[in-house]
Amino acid sequence: MRDFSYLRATSPAAAREAAALPGAMLLAGGTTLVDLAKCGVAEPATLVDISHLKGLDTIEVGEQGARLGALAKMSQVAGHEGIKSRFPAVSEALWQAASAQIRNMASIGGNLMQRTRCPYFRDPANFPACNKREPGSGCSAIGGVTRGHAVLGTSEACIAMYPGDLAVALVAFDATVHLGERQLSVDDFFLLPGSTPDKEHAIKPGEMITQISIPASAAARRSTYLKVRDRQSYEFAAASAAVGIELEADGRTIRDLRVALGGVATKPWRARAVEEALKGKVLEEDAVRHASLLAVEGAVDHGANHYKIELAPRVVARAILKTGAMA
Amino acid sequence: MTSPTTIPIHLTINGHDHSLEVEPRVTLLDALRDRLDLTGTKKGCDQGQCGACTVHVDGERVLACLTLAAQVEGRSITTIEGLAEADGTLHAVQAAFLEQDAFQCGYCTPGQIMSAVACIREGHAGSDDEIREYMAGNLCRCGAYPHIVAAVRQAALEVQS
């Protein structure tokens, strides 16, 4: 790991100012950044440590919704009683991610800044071509081993998968990222690769995530996060789904439905076509399985990742049926 | 407070105060092993994937390989060397690992034990399934998992009683 200078920020304003300088990066939990510095992917000149800042780690849950301070730890949010009761999919997405040790370190704001796990991206010594690392250098994944790569939202420049879980639940429930004065929906915060896969987040130099807010909804209260993976725990998703349902008073007609996918796309993927196809319909298995196929509309595989196109609709259907059966 | 070379840090490790100068890139794991001769904490993958380097910072389990030493300035660190009592009496989790034969080569064991102590304290050792889920961040290449689960289960019952 290359050396860098280290600056402990004393206030959010000082952190933003320091982080705007060339080569500077914000350091919170470090689980992504220290790892990528060891891989030779991140080469910061200065790390601006914000992990000691006070007042940015609060978790508030009320009638209006939830406010998660950017420095709250994944483990704290996962175990918060208000999150577990009003946003179960958010809690489940968090405790099914990473390991207990990493969840004690990783911050909520840093979680949104997590980079792809594409093995070509993570290995600059052996794979110099990576449009995400070096714009214009090419893509080593296309034509390579693609079992873990995206089938939705890809471009000719990049097929790297978005690996996170939390943000999948956040896009399902219309969460907002607070960047100081500016606010963005989580959906807009994550960018499609297009011709600029090096730009993953709509965050500008000198901006810092301060908070994530999630509006309360009946669908968020009756929600789940279903994660299917190669091993049972401590593994990224082969395919996952965050689902929330609000039923009409008859207990069987779908009033509101939220569906988002993880493990299959280049960003947290809201499946609005599935939602629209089922709203107003009676919740029954055949209709759910049929509508869930819409989750992978437009999917493009690169050989070894074809299974995701088969798997994702099944995960969506199972998650909808499981959520529908919840009391 | 910026420094291109080394920075002074002060840590409390297993109840003892330590002051040292480190480059900003030095991890807590390397500081423990190479600077303080506390080699009980193991370097496995050094990439946050195996859990061999698990230590406690202010009582919570973390990975020392992904923690910069500079970041834990002023914090209280507990390593495997600090678990037994001063008279050598083993911690309940250490004793349970011995009794259940919960290791083969032993390389992952310090990390497993530090993780298990925290797992029990967190209240995540209520069933074998819960132990497996909340110990998933500690890999064992020998595959001693059934005995590790048995040891955590035994220690959890002893600690809670």
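Because the model is predicted, local features need pLDDT of at least 70 and side-chain atom pairs count only at pLDDT 80 or more, while totals for chains, interfaces and linings use all residues. Residues are numbered from 1 along each chain as its sequence is written, and chains are lettered from A and ligands numbered from 1 in the order in which they are written.

**View 1. Helices α2(B) and α5(B) pack against each other.**
Here you can find helix α2 (residues 92-99) of chain B beside helix α5 (residues 145-160) of chain B. Helices (H or I, at least four residues) and strands (E, at least two) are DSSP runs, numbered from the N terminus. The angle between the pair is about 140° and their axes are 8 Å apart; axes are lines fitted to C-alpha atoms, for helices over the stretch in contact, and angles run from 0 to 180 degrees between N-to-C directions. α2(B) and α5(B) are therefore oblique to each other. For reference, angles under 35 degrees count as roughly parallel, over 145 as roughly antiparallel, 65 to 115 as roughly perpendicular and the rest as oblique. The crossing of α2(B) past α5(B) is right-handed, a label used if the near helix is turned clockwise from the far one by less than a right angle, with left-handed for anticlockwise. On the α2(B) side, look for A92(B), V93(B), A96(B), F97(B) and E99(B), which meet A151(B), Q154(B), A155(B), E158(B) and V159(B) in α5(B). Two residues are in contact if their C-beta atoms, placed from the backbone, lie within 7 Å. By class, this contact of α2(B) with α5(B) holds seven nonpolar, one polar and two charged residues. Ala, Val, Leu, Ile, Met, Phe, Trp, Tyr, Cys and Pro count as nonpolar, Asp, Glu, Lys and Arg as charged, and the others, Gly among them, as polar.

**View 2. Helix α3(B) also packs with α5(B).**
Helix α3 (residues 109-122) of chain B and α5(B) pack at about 45°, with axes 10 Å apart. That angle makes α3(B) oblique to α5(B), and α3(B) passes α5(B) in a right-handed crossing. From α3(B), the contact takes in Q112(B), A116(B), C119(B) and I120(B); from α5(B), the partners are I148(B), V152(B), A155(B), A156(B) and V159(B).

α2(B) crosses α3(B) in a right-handed sense. V93(B), Q94(B) and F97(B) of α2(B) meet T109(B), I113(B), A116(B) and V117(B) of α3(B). Sorted by class, the contact of α2(B) with α3(B) has five nonpolar, two polar and no charged residues.

**View 3. Two aspartates of chain B have positive phi.**
D101(B) sits in the loop between α2 and α3 of chain B, and its phi is about 55° although it is not a glycine. With 12 other C-beta atoms within 10 Å, D101(B) is exposed. A residue is buried if 20 or more other C-beta atoms lie within 10 Å of its own, exposed if 12 or fewer, and partly exposed in between, with C-beta atoms placed from the backbone. D46(B) belongs to the loop between α1 (28-35) and β3 (54-57) of chain B, and has a phi near 60°. D46(B) is partly exposed, with 18 other C-beta atoms within 10 Å.

**View 4. P215(A) lies in strand β8 (residues 211-215) of chain A.**
P215(A) is exposed, with 12 other C-beta atoms within 10 Å. Leaving aside neighbours within four places in sequence, P215(A) is in contact with G65(A) and D174(A). The C-alpha atoms of P215(A) and E63(A) are separated by 8.9 Å, though the two are 152 residues apart along the chain.
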